[in-house]
Amino acid sequence: MGSGINAGIISTGKALPVSRLTNKDLEDMVDTNDEWIKSRTGIEERRILTTEETNSYLSARAARIALERAELSPQEIDVLIVATVTPDLILPSTACLIQDIIGAYNASAFDLAAGCTGFLYGLQVAVQFIENNSARNILLVGVDTLSPIVDWQDRNTCVLFGDGAGAVVLSRVGEEQGILSSKMYSDGSKAKLLYVPSGGSSEPARYRTIDERGHYIKMNGPEVFKFAVTVMVDSTLHALELSQRKKEDLDFLIPHQANVRIIKAACKRLDLNSEQVIVNINRYGNMSSASIPVALDEALEENKIQRGDLIAMVSFGAGLTWGAAVMQW
Ligand code: ACO
């Protein structure tokens with residue numbers, strides 16, 4: 001994006017829990033039904049952690065696949081960034097746990113929290129390390145395991161989320177390739193539209209916080225919905241402008257997978273047809289920071305994306321945060 005060095009994604013990987021939770025399963029847990037969930041969100045099933053799986057376990061699996069495809073050893077990674085709001089532990093960072101699991105001993109490692117926009121925030125940070133020549137190879141993991149902090153008694157939220165991990169390796173790429181532009185935004189005045197009240201240092205776990213179900217996600221869905229459609233469109237257009245491209249130049253949009261109605265409304269305003277939009281929310285629900293890297297990985301595995309394609313990625317989430325990036329594959 002301006003220094004003469006181009007940074008780009010050179011490989012991807014993903015890992016999903018083995019256990020599927022269908023809408024029918026949810027009918028036995030809360031007052032909901034398959035038809036409501038499908039028509040209001042587009043979700044049919046989601047993956048949920050089993051007791052053997054954790055955030056760092058899924059991340060390490062996704063990371064190993066991405067490294068193998070990049071033909072890099074773990075020791076060749078200079079920086080390991082993990083975008084997540086569901087770390088294994090409050091400390092140390094999940095990035096340090098993953099570093100040890102995969103043996104990326106030469107990397108600096110840190111977590112980055114930006115809600116569902118975490119992967120795109122991480123992407124912009126990674127690009128800057130490469131473009132200012134302070135790192136050659138970066139492993140970026142977008143991962144969230146929201147199921148332990150979802151209130152399985154709250155039908156407004158429990159039908160929406162799923163667990164998963166996506167990983168990408170970023171390195172130097174050739175001219176006219178890689179990340180062309182990237183823009184992040186946030187508005188902390190809207191923090192309480194989507195938050196977990198307890199469990200942090202301001203409200204640590206106590207009997208009262210447990211009784212109040214304060215350790216689970218609280219969300220004002222309709223307000224987030226309205227906000228999401230507007231910022232998905234505006235930030236995609238802004239990232240395109242920064243990359244000196246137009247919406248007519250786009251081959252694909254990889255949007256955050258929160259609600260298929262949000263995706264459709266945004267695509268209509270961007271004049272994109274359904275073949276140009278990568279959608280997998282039906283199988284995974286909202287995996288927060290993992291949504292975009294998993295969708296990218298699947299689109300590549302299915303050979304939808306070809307060398308030279310222009311791709312926009314756009315997301316929004318807790319914070320509130322939002323952002324978009326444009327890349328030439
Ligand atoms: N099953 C059946 N009925 C339900 C369910 C359910 N699972 N959930 C809510 N309802 C009911 C509500 O109680 C309400 O009933 P009422 O009219 O009798 O009060 C009715 O359905 C309509 O509820 P709304 O909230 O108006 O439904 P809406 O069409 O807005 O859909 C939804 C709700 C799916 C949550 C939507 O608002 C949405 O997707 N919002 C965005 C959420 C989002 O993108 N979050 C991003 C998270 S990103 C991150 O950082 C983690």
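Residues are numbered from 1 along each chain as its sequence is written, and side-chain values use heavy atoms, with hydrogens and water left out. In this predicted model, local features need pLDDT of at least 70 and side-chain atom pairs count only at pLDDT 80 or more, whereas totals for chains, interfaces and linings use all residues.

The protein chain is assigned domain 1 (6-175) and domain 2 (180-328); such bounds come from an automatic or database domain assignment. The C-alpha centres of domain 1 and domain 2 are 14 Å apart. Across the two domains, 49 residues of domain 1 are in contact with 46 residues of domain 2, contact being heavy atoms within 4.5 Å.

Rolling a probe the size of a water molecule over the atoms shows where empty space is left. The search was run on a 1 Å grid over the protein atoms alone: a cavity is a set of points where a 1.4 Å probe fits but cannot get out, a pocket is an open set with protein on both sides within 12 Å along at least five of seven lines, and lining residues have an atom within 4 Å of a point. Grid points are joined across faces, edges and corners, and a volume is the space filled by probe spheres set on the points.

The largest pocket holds about 860 Å³ of space. It is lined by 41 residues, of which Val 85, Thr 86, Pro 87, Ile 149 and Val 196 are the closest to its centre. By residue class, the lining of the largest pocket comprises 20 nonpolar, 17 polar and four charged residues (nonpolar: Ala, Val, Leu, Ile, Met, Phe, Trp, Tyr, Cys and Pro; charged: Asp, Glu, Lys and Arg; polar: the others, Gly among them). At least two residues of this lining come from each of strand S9 (194-195) and helix H7 (207-211); helices (H or I, at least four residues) and strands (E, at least two) are DSSP runs, numbered from the N terminus. Domain 1 and domain 2 each contribute at least three residues to the lining of the largest pocket.

For the second largest pocket the volume is about 570 Å³. Among its 26 lining residues, Asn 156, Leu 160, Met 219, Gly 221 and Asn 259 are the closest to the centre. Helix H2 (34-41), helix H6 (155-158), helix H8 (221-242), helix H9 (260-269) and strand S12 (310-317) each give at least two residues to this lining, and H8 has the largest share, with four residues. The lining of the second largest pocket divides into 13 nonpolar, nine polar and four charged residues. At least three of its residues are drawn from each of domain 1 and domain 2.

One cavity of 30 Å³ or more is counted. The largest cavity has a volume of about 60 Å³, and its lining consists of Gly 8, Ile 9, Val 173, Gln 177, Gly 178, Arg 307, Met 327, Gln 328 and Trp 329. Four of these residues are nonpolar, four are polar and one is charged. The largest cavity lies between domain 1 and domain 2, because both domains give residues to its lining.

A disulfide is a covalent bond between the sulfur atoms of two cysteines. With a disulfide taken as a pair of cysteine sulfur atoms within 2.5 Å, zero are found in the whole structure. The sulfur of Cys 158 is too far for a bond, because the closest cysteine sulfur, in Cys 116, is 16 Å away. Cys 267 is likewise in no disulfide, with the nearest cysteine sulfur, that of Cys 116, 17 Å away. Cys 158 is buried at a relative accessible area of 0%, and Cys 267 is buried at 6% (buried: under 20% relative accessible area; exposed: over 50%; partly exposed: in between; 1.4 Å probe, protein chains only).

Leu 26 is located in helix H1 (residues 23-27) and is buried, with a relative accessible area of 0%. Neighbours within four places in sequence aside, Leu 26 is in contact with Leu 21, Thr 32, Ile 37, Arg 46, Trp 152, Cys 158 and Val 159. Leu 26 and Trp 152 are 126 residues apart in sequence, while their C-alpha atoms are 9.1 Å apart in space.

Thr 94 belongs to helix H4 (residues 94-102) and also counts as buried, at 0% relative accessibility. Beyond its neighbours within four places in sequence, Thr 94 is in contact with Asn 55, Ser 56, Val 82, Pro 87, Asp 88 and Asp 111.
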